[in-house]
Amino acid sequence: MSGTLIDLLPELTRRRALVGWMLASFLVTFLATRAITRAIRTGRGPFRNAKLGGVHVHHQVYGIFLLLGAGTAEFTYRPATPWSDLLAVLFGMGAALTLDEFALWLHLEDVYWEREGRSSVDAALVAMIVGVLLLVGVNPFGDDSGGSASVTAVAVVGNLVFALV
């Protein structure tokens, strides 16, 4: 019998492994980035702000390049293990570096250490929660119970609209 849950187990296990790599690298990179930026701010440690032509280069720039590179490689080549694992790690790192400066996107100014900078931590927490939900198998768009994915998508979008209002 094809298409049963038993047939899908290796694929589901593989997907969870990739989400696990992505989530672990996200968490480690986010915590390391916070520690390094704190050290830079207090003047301790070997790290300094990166400048290019006198312009401060925020770490979200490196994150964006990691996201673009890992995403492009995944979609273009669809590599097998261990390369897919590496791409998951790079994607998680890029997401952490980028979301750590979410407040910069939101306010269009450097508010990293101000009260408004808290939105970066909030964005990272939301990403972690989504990652954990995917890791444990909660996926509103991958309904294996026979329900309609489009109905689920409409429900999720509707709830997001209500939350925004």
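**Close-up 1. Helix α1 gives the second largest pocket the largest share of its lining.** Seven residues of that lining come from α1. This is a predicted model, and in it the second largest pocket has a volume of about 440 Å³. Two elements each give two or more residues to its lining: α1, spanning 5–42, and α2, spanning 59–77.

**Close-up 2. Here's what lines the second largest pocket.** The lining is made up of 21 residues. Look for T37, I40, N49, H56 and H59, which lie nearest the pocket's centre. Sort the lining by type and you get 10 nonpolar, seven polar and four charged residues.

**Close-up 3. F26 and F30 make a stacked pair.** A search of the whole structure turns up three aromatic pairs, this one among them. The centres of the F26 and F30 rings sit 6.4 Å apart, with 0° between their planes. Both residues belong to helix α1, and because they are four residues apart there, about one helical turn separates them. F26 is buried, at a relative accessible area of 6%, and F30 is buried too, at 11%.

**Close-up 4. Y112 and W113 pair up edge-to-face.** Their ring centres are 4.9 Å apart.

Definitions and conventions
Residues numbered from 1 in each chain as written. Predicted model: local features only at pLDDT ≥ 70, side-chain atom pairs only at ≥ 80, totals over all residues. Heavy atoms only, no water. 1 Å grid on protein atoms, 1.4 Å probe; cavity = no way out; pocket = protein on both sides within 12 Å on 5 of 7 lines; lining within 4 Å. Points joined across faces, edges and corners; volume = space filled by probe spheres on them. Nonpolar A, V, L, I, M, F, W, Y, C, P; charged D, E, K, R; others polar. Phe/Tyr/Trp six-rings, centres within 6.5 Å; stacked < 30°, edge-to-face > 60°. Buried < 20%, exposed > 50% of the residue type's maximum accessible area, 1.4 Å probe, protein only.
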